[in-house]
Amino acid sequence: MADKPVLTVNIVTPDGIVYDHHATMVIVKALDGQLGIMPNHEPIIAPLQIDEVRVKRVDNPGHEDAIAVNGGFMEMSNNVASIVADSAERERDIDVSRAQLAEQRAEELIKTAKAKHDADELARAQIKLRRAVNRINVAKH
């Protein structure tokens with residue numbers, strides 16, 4: 001009996017490789033919605049939202065790895081799903097108290113930007129808030 005095909009999932013940031021494992025499935029949130037990628041998927045390139053990436057690993061079928069990814073894009077080709085992101089953190093590496101402080105700071109920045117009617121600052125603060133909330137949610141996974 002032939003071995004089942006597997007998917008290699010790697011996540012890279014400017015700081016280096018954050019994640020690299022074999023999987024049966026990877027689930028990402030693209031700009032157009034959620035994508036579930038399995039071995040032998042057609043080649044695709046998709047921009048990603050700030051959200052968690054979930055990976056169903058080959059070596060532990062009952063477990064999903066969760067990685068907080070802050071945007072970027074995913075390319076799927078030849079059973080390799082490569083994610084390139086500005087930043088990414090594995091569930092086990094997230095400092096929850098630091099993420100909660102970042103959430104509080106972002107909420108204060110949002111209030112200040114709204115009071116000043118500064119749309120650019122408001123947009124930046126909302127992104128900071130989404131990143132902090134994403135990290136908190138992944139840590140609780």
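Modeller: With the terms: on a 1 Å grid over the protein atoms alone, a cavity is a set of points where a 1.4 Å probe fits but cannot get out, a pocket is an open set with protein on both sides within 12 Å along at least five of seven lines, and lining residues have an atom within 4 Å of a point. This model is predicted, so local features need pLDDT of at least 70 and side-chain atom pairs count only at pLDDT 80 or more, while totals for chains, interfaces and linings use all residues. Residues are numbered from 1 along each chain as its sequence is written, and side-chain values use heavy atoms, with hydrogens and water left out.

Biologist: Which residues line the largest cavity?

Modeller: Val28, Lys29, Leu48, Gln49, Asp51, Glu52, Val53 and Val69. Strands here are DSSP runs (E, at least two residues), and helices are runs of H or I with at least four, numbered from the N terminus. E5 (50–57) gives the most to this lining, three residues.

Biologist: How much space lies in the largest cavity?

Modeller: About 30 Å³, where a volume is the space filled by probe spheres set on the points, joined across faces, edges and corners.

Biologist: And what volume has the largest pocket?

Modeller: About 240 Å³. Of its 14 lining residues, Ala102, Lys128, Arg131, Ala132 and Arg135 are the closest to the centre. Strand E6 (64–70), strand E9 (88–90), helix H1 (96–116) and helix H2 (119–139) each give two or more residues to that lining. The largest share, five residues, is from H1.
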